[in-house]
Amino acid sequence: MEVFIYQKYAEMSQAAAKVVADIINLKPDAVLGLATGSTPLGLYKELVRMHKEETLDFSHVTTFNLDEYVGLPPGHTQSYHYFMHENLFKHINIEPQNIHIPSGTTSNYKAFCQWYEQRIEQCGGIDVQILGIGSDGHIAFNEPGSSLGSRTRIKTLSKETIDDNTRFFKKKENVPIYAITMGVGTVLEARKLLLLASGANKAKAIADAIEGPVSCMCTASVLQLHPDSSLFLDNEAAGKLKMRDYYEWIQAKKPGAPASS
Ligand code: F6R
């Protein structure tokens, strides 16, 4: 597990985008796992810039999003389909048939969830999964108590998540209560995990995820189990880390280390 701390959100976003771009440049048909929410906006903005100014090519890239609200059709302005289209897909040269986002309106969630898992496998698995973190420590919508072996399924959102996400809706009553989400087990199968966190309201969840026990009470703590996971944090999100000096020491020394993989 690697921890990278940046003074500013923009720096953090650019550094994370570079990791994603390097993967695409090395493997043009890379499979990306994508997250929504406020946190990855800077990363998507930077990928769009790289596409426009540095010819970063998405024409062979495949994507799988982590989650979608149950009940919201793709055209709903708060749906994750809409978010992805507005903030990334419409600005890059990705083929529409290579985009996968869980359906929030399927008539058969069980079958859809199974198909989503199979589709990830058919595409060769996810090369890099981008993640945000909830203030309750969730990754995707794997709320506290989610099985660490869970697969794509329906989850009931926690009250904390509903409160956090009310900012995107006109009122709390409009926030969907259920989401369709990749499971913790699904996320753990990605070859690389890249978790981004910004702001003081994420500081406790980040400290729990990095320095607490691996626990279903903070599903982000499973990054500790993954052989290639990195956390990109801004100054505020890193605010409650006890070993911050240590992570910063390693970050500073990393460019001089011999490559081992
Ligand atoms: C969204 C997702 C969620 C968010 C998390 C943080 O696809 O999977 O886990 O990453 O709720 O959201 P923001 O970035 O809005 O604070």
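Before I start, a word on conventions: residues are numbered from 1 along each chain as its sequence is written, and side-chain values use heavy atoms, with hydrogens and water left out. Since the model is predicted, local features need pLDDT of at least 70 and side-chain atom pairs count only at pLDDT 80 or more, while totals for chains, interfaces and linings use all residues.

Let me begin with the sheets. Seven strands, taken in the order E1-E10-E9-E6-E2-E3-E5, make up an open sheet with parallel pairing; helices (H or I, at least four residues) and strands (E, at least two) are DSSP runs numbered from the N terminus, and two strands pair if DSSP finds at least two bridges between them. Strand E1 (2-6) and strand E5 (99-100) each have a single partner strand, so one side of each is left without a neighbour in the sheet. Inside this sheet, strand E6 (residues 128-131) runs parallel to strand E9 (residues 193-197) and is joined to that strand by 3 bridges, with Leu-193 of E9 as the bridge partner of Gln-129.

Helix H1 (residues 9-26) packs on this sheet, touching E1, strand E2 (31-34), E6, E9 and strand E10 (229-234), and its direction makes about 155 degrees with that of E10; here axes are lines fitted to C-alpha atoms, for helices over the stretch in contact, and angles run from 0 to 180 degrees between N-to-C directions. Helix H7 (residues 203-211) lies across E1, E9 and E10, also running at about 155 degrees to E10.

The other open sheet I want to show has 3 strands in the order E4-E8-E7, and its pairing is antiparallel. Its edges are strand E4 (67-69) and strand E7 (153-156), each of which pairs on one side only, and the twist averages 30 degrees from one strand to the next. E4 and strand E8 (residues 178-181) are paired over 3 bridges, and Asp-67 has Thr-181 as its bridge partner in E8.

Asp-67 also brings us to the ligand, where 14 residues surround the molecule (a heavy atom within 4 Å); the closest are Thr-39, Asp-67, His-138, Ala-140 and Lys-202. Turning to polar contacts, which are pairs of N or O atoms within 3.5 Å and, within protein, require one atom able to donate a hydrogen and the other to accept it, with residues adjacent in sequence counting only if both atoms are side-chain atoms, a side-chain N or O atom of Thr-36 is 2.8 Å from a ligand oxygen. A backbone N or O atom of Ser-38 lies 2.9 Å from an oxygen atom of the ligand, and for the side chain of Arg-167 the distance from an N or O atom to a ligand oxygen is 2.9 Å.

What about the interior? The largest nonpolar core has 71 residues, a core being a set of buried Ala, Val, Leu, Ile, Met, Phe, Trp, Tyr and Cys residues joined through side-chain atoms within 4.5 Å. H1 supplies the largest share of this core, 7 residues.

Finally, Ile-210 sits in helix H7 and counts as buried at 8% relative accessibility (under 20% relative accessible area, with exposed over 50% and partly exposed in between, for a 1.4 Å probe and protein chains only). Its contacts (heavy atoms within 4.5 Å), leaving aside neighbours within four places in sequence, include Leu-233 and Leu-241. Ser-215, in the loop between H7 and E10, is likewise buried, at 18%.
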